[in-house]
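Work through the exercises below with the model open in your viewer. Each task is followed by a stepwise solution.

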Amino acid sequence: EALRIDNAGNVGIGTTSPQLANLHINQGSQTYSINLQNNSSNESGIVFGRNASPSSSSTAIVGNGETTGYLDFLTGGSDKMRLDSSGRLLVGTSTAPPISNGQSIYVAGTGSSDSGIQCVRWNSSFGGYALGIGRSRSGTPGTYSSVSNNDDLGSIIWYGDDGTDLNSQAASIEAEVDGTPGTNDMPGRLVFSTTADGASSPTERMRINSLGNVGIGTTSPINYTN
């Protein structure tokens with residue numbers, strides 16, 4: 001037996017008891033459960049519809065399996081999100097500009113409220129939502145190797161279009177290790193930088209070190225400023 005249609009109209013492939021869905025596939029020793037292939041230059045995809053017949057404006061997931069392949073998520077017939085061949089997640093666009101230090105998630109938009117990222121916690125027992133940025137010296141995710149003094153832990157960088165590309169930085173805030181780390185001991189500092197007129201990369205203007213001392217025009221503040 002290779003395929004079964006039961007008395008409820010459910011289809012089972014590799015199983016004699018299709019459950020939970022109209023199509024139930026038990027892939028067994030196969031690498032994949034479903035293989036979608038288009039022998040023309042078109043994409044292969046899955047269309048999701050409700051009530052009315054599916055159309056070009058339906059919600060769909062389509063993919064191009066070539067070397068430069070991608071996976072597109074469409075709603076209303078337009079591309080809303082893409083996972084490209086470099087593993088980047090693109091929201092609101094199918095292409096990403098070549099920003100230096102290219103990130104894995106890129107959000108684009110043209111309106112007043114379609115290009116942001118928002119995190120909201122709806123709970124009476126906890127504080128506001130947090131954005132966590134971290135770094136390890138280990139080269140393998142899930143294993144640990146301590147960072148060292150002066151290591152960069154992460155940055156927030158502002159870019160501006162100079163008429164040619166989006167590689168020019170206007171300002172940045174960087175978190176760095178400010179001492180020797182140990183178990184449950186991670187001294188840190190914040191470095192605030194801006195870009196001078198005629199330049200394309202930021203220069204440090206202010207820092208707050210692990211003692212809470214604030215330095216403006218110096219990288220070794222010795223006093224606390226209030």
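**Exercise 1.** Which residues does Asn10 touch, not counting those up to four places away in sequence? Is Asn10 buried or exposed?

Solution. 
1. Note first that the model is predicted.
2. Asn10 sits in the loop that links strand S1 (3-5) with strand S2 (11-13).
3. List the contacts, leaving out residues up to four places away in sequence. Asn10 touches Arg4, Ile5, Pro18, Ala21 and Asn22.
4. Look at the side chains. Those of Asn10 and Asn22 are joined by a polar contact of 3.5 Å.
5. Check the accessibility. Buried means under 20% relative accessible area. Asn10 has 17%, so Asn10 is buried.

**Exercise 2.** Classify Asn167 by its accessibility. Then find its distance in space from Ala96.

Solution. 
1. Locate Asn167 in the loop between S10 and strand S11 (168-177).
2. Take its relative accessibility, 28%.
3. Compare sequence and space. Asn167 and Ala96 are 71 residues apart in sequence. From C-alpha to C-alpha, Asn167 and Ala96 are 12 Å apart.

**Exercise 3.** In what order do the strands of the five-stranded open sheet run, and why is one side of S10 and S14 left without a neighbour?

Solution. 
1. Read the order: S10-S11-S12-S13-S14, with antiparallel pairing.
2. Find the edges. Strand S10 (152-160) and strand S14 (214-216) each have a single partner strand, so one side of each has no neighbour in the sheet.
3. On average, neighbouring strands here are turned by 20° against each other, direction ignored.

**Exercise 4.** Trace the pairing of S13 on both of its sides, giving bridge partners.

Solution. 
1. Start with S12. Strand S12 (residues 188-194) pairs with strand S13 (residues 203-208) over five bridges, in the antiparallel sense.
2. Name two partners. Phe192 is bridged to Met206 in S13. Val191 is bridged to Arg207 in S13.
3. Cross to the other side. S13 and S14 run antiparallel and are joined by three bridges.
4. Follow Arg207 across. Arg207 stands opposite Gly215 in S14.
5. Inspect the turn. The hairpin of S13 and S14 has five residues between the strands. In this hairpin, Gly212 takes a positive phi near 90°.

**Exercise 5.** How many aromatic pairs does a search of the whole structure find? What sits over the ring of Tyr70?

Solution. 
1. Run the search over the whole structure. The count of aromatic pairs is zero.
2. Turn to Tyr70. The charged end of Arg82 sits over its ring, 3.7 Å from the ring centre.

Terms used: Residues numbered from 1 in each chain as written. Predicted model: local features only at pLDDT ≥ 70, side-chain atom pairs only at ≥ 80, totals over all residues. Heavy atoms only, no water. Pairing = 2+ DSSP bridges. Helix = DSSP H or I, 4+ residues; strand = E, 2+ residues; numbered from the N terminus. Axes fitted to C-alpha atoms, helices over the stretch in contact; angles between N-to-C directions. Buried < 20%, exposed > 50% of the residue type's maximum accessible area, 1.4 Å probe, protein only. Polar contact = N/O pair within 3.5 Å; in protein donor to acceptor, adjacent residues only side chain to side chain. Contact = heavy atoms within 4.5 Å. Phe/Tyr/Trp six-rings, centres within 6.5 Å; stacked < 30°, edge-to-face > 60°. Lys NZ or Arg CZ within 6 Å of the ring centre and 35° of its normal.
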